[in-house]
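Work through the exercises below with the sequence and the model in view. Each task is followed by a solution in steps.

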Amino acid sequence: MSWTYLCDASEVAPNTLKLVDAKGVRIIVANYGSGFRAMPPICPHMEEPLDESGVIANCVLTCTKHLWAWNLATLEMDGAETEKPLKTYDLKEEDGRLLALVDQELTYDFDEEDDDDDDFFGKG
Amino acid sequence: MTTTSLARADVAAIERVDADRCAITVETRSGTFGFDCATSETLLYAGLAHGLTLPHECATGTCGTCRARVMSGDVEVAWEEAPGAAKLKRDKGDILLCQARALGDCVLRVPSDVAERPLRHQIPAPRPGVVGNLQQLTSDVVHFEIVLAEPMTFDAGQFVVIEAPGLEGGRAYSMVNYGRDLDRLELVVKRKPGGGFGDWINGPLASGANVKVFGPLGRATFHPDEGHDLLMIAGGSGIAGMMSILSRGVRERYFETRKAKVFFGVRTLADGFYLEDFARAIDAGGGNVEVTLALSHEDAGRLDHPDFPTVKLAHGFVHEIAGEAMAGAYDNVMAYIAGPPPMVDGAIRSLIIGGVGRSAIRYDKFG
């Protein structure tokens, strides 16, 4: 496990998303106004690129493709249409630098080679 | 864990009506359902025609929303290269329901919540029809009708998938009209470069042609008893569903108490259509109906339409014009969006940033 530099906090304006390359791992940094989150670069629904499809308002990240949404402050799923949780990396800010704990790349069930039947339903 | 409302064997026993049809069991996040399916129809159409709300959007292979996994049984896939199939895990048995036909009894899994015949759900079915009454509205927009062999009931805002002779697969188009037991669909198509159906409908074979229609489909529907003010943002032929919503609102005097704001995006002044219909709706709305024609590629230098002065003009992309005009005015609004995918995405983004709740946004993406 190692803390990996993502970008400076000042590079991600409030209510925006930034795609960064963290030593070969593509990570989205989200500034939801009162904090930051680091996550895989795709929507857990149908792999939409969240840096293009995502929009943040009132701490809620919404993917505009099918309106799946998550509260970035609590990481709760927001609204009935959202069927899978968002995965995030542990994140810390040091001297204006954002660092994530990137042990291995986070992926969603549909990307895992060993997914079983339960994973297909997003409950694995 | 998934709940199972019926054992598979029971489902098969109930649903199997004759030996030529396949018994389909579908396991979903909200329970297990069964329906039967002819080998000639797609699994999506058969399931929808049974009244299941199987996830889908375009129903034509483009979007990928109707993905499912074949747990047992054999299926045949019509269009292997469908754009929506690009991300499927074929080695796991994943398919697009809109492209697959059963070759025998099958068990499928669908990774979504599914309901069976919910309230207000118009169950779709296949119907033959004949194309007629073609009218050129602009240089690249054609209004046409399909006379159905069997009548269809559909809500304002719904669409159908049309299969035309000689064209592979189907194309989704929203109805301009709405109603109960109608034998005539009014539709509009905008010709796009390389667009198969747009070229076909403009060609010599369209008038009088026999087509297959599947529908009604779509959730971006208008129900007057919901009591919302309406915001409609549409680009190009996406205006079709908005015309049916406006038409129902006018006919039921909805705009005596509720407002409607329509933002219609086209490239230039000459690309605008349905202007007489807009003018009539504005007139009938007595100040509660506003229509703005947003011109993306022309600054007309004036704020009203030269021929239909009650129709406003604006210069810019329709979702941006709508976002600016609506800022801070979203209370009790139900938003309807239709048009090219980038416009739909832009409009959804404007609305969410403007504070509109997701349950107040209705759209169907044909991709």
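## Exercise 1: a helix in chain B

Task: find which residues of helix 6 (residues 318–326) of chain B are buried.

Solution. Step 1: the buried residues of helix 6 of chain B are B:Val318, B:His319, B:Ile321, B:Ala322, B:Gly323 and B:Met326. Buried means under 20% relative accessible area, exposed over 50%, and partly exposed in between, with a 1.4 Å probe and protein chains only. Helices (H or I, at least four residues) and strands (E, at least two) are DSSP runs, numbered from the N terminus. An α-helix has 3.6 residues a turn, so residues three or four places apart point the same way.

Step 2: look for what these residues pack against. The partners in chain B are strand 14 (229–235), strand 15 (260–266), strand 16 (289–295), strand 17 (312–315), strand 18 (333–338) and helix 7 (341–353). Contact means heavy atoms within 4.5 Å.

Step 3: go just past the end of helix 6 of chain B, where B:Gly328 has a positive phi of about 80°.

A note on the model: it is predicted, so local features need pLDDT of at least 70 and side-chain atom pairs count only at pLDDT 80 or more, while totals for chains, interfaces and linings use all residues. Residues are numbered from 1 along each chain as its sequence is written, chains are lettered from A and ligands numbered from 1 in the order in which they are written, and side-chain values use heavy atoms, with hydrogens and water left out.

## Exercise 2: chain B as a whole

Task: describe the make-up and the domains of chain B.

Solution. Step 1: chain B holds 7 helices and 19 strands. Its radius of gyration is 21 Å, close to the 21 Å that the globule rule gives for 367 residues, so chain B is as compact as a globular protein of that length. The radius is taken over C-alpha atoms, and the rule is 2.2 Å times the number of residues to the power 0.38.

Step 2: of the 367 residues in chain B, 56% are buried.

Step 3: domain 1 covers 8–110, domain 2 covers 125–217 and domain 3 covers 224–363 of chain B. These bounds come from an automatic or database domain assignment. Between domain 1 and domain 2 of chain B, the C-alpha centres lie 25 Å apart, and 8 residues of domain 1 touch 8 residues of domain 2.

## Exercise 3: strand 8 of chain B

Task: which strands does B:Val130 face across bridges?

Solution. Step 1: strand 8 (residues 125–136) of chain B runs antiparallel to strand 13 (residues 210–217), with 6 bridges between them. Two strands pair if DSSP finds at least two bridges between them. In strand 13 of chain B, B:Asn210 stands opposite B:Val130.

Step 2: strand 8 of chain B also pairs with strand 9 (residues 141–154), in the antiparallel sense over 6 bridges. There the bridge partner of B:Val130 is B:Val147. A hairpin of 4 residues links strand 8 to strand 9 of chain B.

## Exercise 4: a sheet in chain A

Task: trace the open sheet of chain A.

Solution. Step 1: chain A has 2 helices and 9 strands.

Step 2: 3 of its strands form the antiparallel open sheet, in the order 1-9-8. Strand 1 (3–8) and strand 8 (91–94) of chain A are the edges, each pairing on one side only.

Step 3: strand 8 of chain A is joined to strand 9 (residues 97–101) by 4 bridges. A:Leu91 stands opposite A:Ala100 in strand 9 of chain A.
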